[in-house]
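Let's walk through this model together, starting from one spot on the chain and widening the view from there. Keep the 3D view open as you read.

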Amino acid sequence: MDWEEVSQKIVKTSKDVSAKMKETSEVFRLRQKLAEEESRLQKVYAEIGKQYFENHEGVISDDMIPYFERVTSIRAAIEECQASINKIRKTKTCPACGATVDEEALFCSSCGIKLDIRNGGAMWKEN
C-alpha cells in the first residue's frame, strides 16, 4: 500500500465517522424532542382529566366513578399530609394561592389575601 491509498482510506474513514456522528447526534436530538413532546402530551392529558373531574364532580358516568373515587382519596391523603406538615412547621396554607405562611399570619405573604386565624385554619376572612 502506498501513501496515497492510506491517505484515501483515512479520509474515507473520517467522512464515515463524521456522517455516523451526525446521524447519532440527530437521532439523539429527535429522541430528546420526542420525550419532551410525550411529556407535554401527558401534561395535557392530566389537564383534561383535572378539568373533566372539576366540571363533572356531581354528575358522572358509571365508568368514571372509580377514577373519581381514586382522585378523591388521593386528594384527602394529600390534604392530610399537608396538614401534618403544617402542624409540625407551625404553618398554614393560603386558600387563595396555596403558599405556605406562618400559622399566626394575618395576610398571605405571597398573594396578600387577608387570612382568618380562628381555629388555626387558613380561611378567607369574611367581612
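Leaving aside residues up to four places away in sequence, Ser110 touches Cys97 and Ala99, where a contact means heavy atoms within 4.5 Å. Ser110 sits in the loop between strand 2 (100-102) and strand 3 (115-116). Its relative accessible area of 54% makes Ser110 exposed; on this scale buried means under 20% relative accessible area, exposed means over 50%, and partly exposed lies in between (1.4 Å probe, protein chains only). From Ser110 to Ala46 there are 64 residues in sequence and 26 Å in space, C-alpha to C-alpha.

A word on the ground rules before going further. This is a predicted model, in which local features need pLDDT of at least 70, side-chain atom pairs count only at pLDDT 80 or more, and totals for chains, interfaces and linings use all residues. Residues are numbered from 1 along each chain as its sequence is written, and side-chain values use heavy atoms, with hydrogens and water left out.

Now for the overall layout. The protein has two helices and four strands, arranged α-α-β-β-β-β from the N terminus on. Helices (H or I, at least four residues) and strands (E, at least two) are DSSP runs, numbered from the N terminus. The radius of gyration is 29 Å, well over the 14 Å that the globule rule gives for 127 residues, so the protein is more spread out than a compact globule. That radius is taken over C-alpha atoms, and the rule is 2.2 Å times the number of residues to the power 0.38. Along the principal axes, the C-alpha atoms fill a box of roughly 95 × 40 × 25 Å.

How much of the protein is buried? Of its 127 residues, 11% count as buried. Among contacts between residues at least 6 apart in sequence, 14% join residues at least 24 apart. The protein exposes about 10,800 Å², with carbon and sulfur atoms supplying 57% of that area; the area comes from the Shrake-Rupley method with a 1.4 Å probe.

Asn86 belongs to helix 2 (residues 65-89) and counts as buried at 9% relative accessibility. Beyond residues up to four places away in sequence, Asn86 touches Thr91, Lys92, Thr93 and Thr100. Thr91 lies in strand 1 (residues 91-93) and is buried too, with a relative accessible area of 16%. In the loop between helix 2 and strand 1 you will find Lys90, which has a positive phi of about 55° although it is not a glycine.

Helix 1 (residues 3-55) holds Gly49, which is partly exposed at 36% relative accessibility.

Finally, a look at confidence. The average pLDDT is 86, and 91% of the residues score at least 70; pLDDT is the predictor's confidence in each residue, from 0 to 100. Among the elements, strand 2 has the highest mean pLDDT (92), and strand 4 (residues 123-124) the lowest (48). Where pLDDT is low, the predicted coordinates should not be read in detail.
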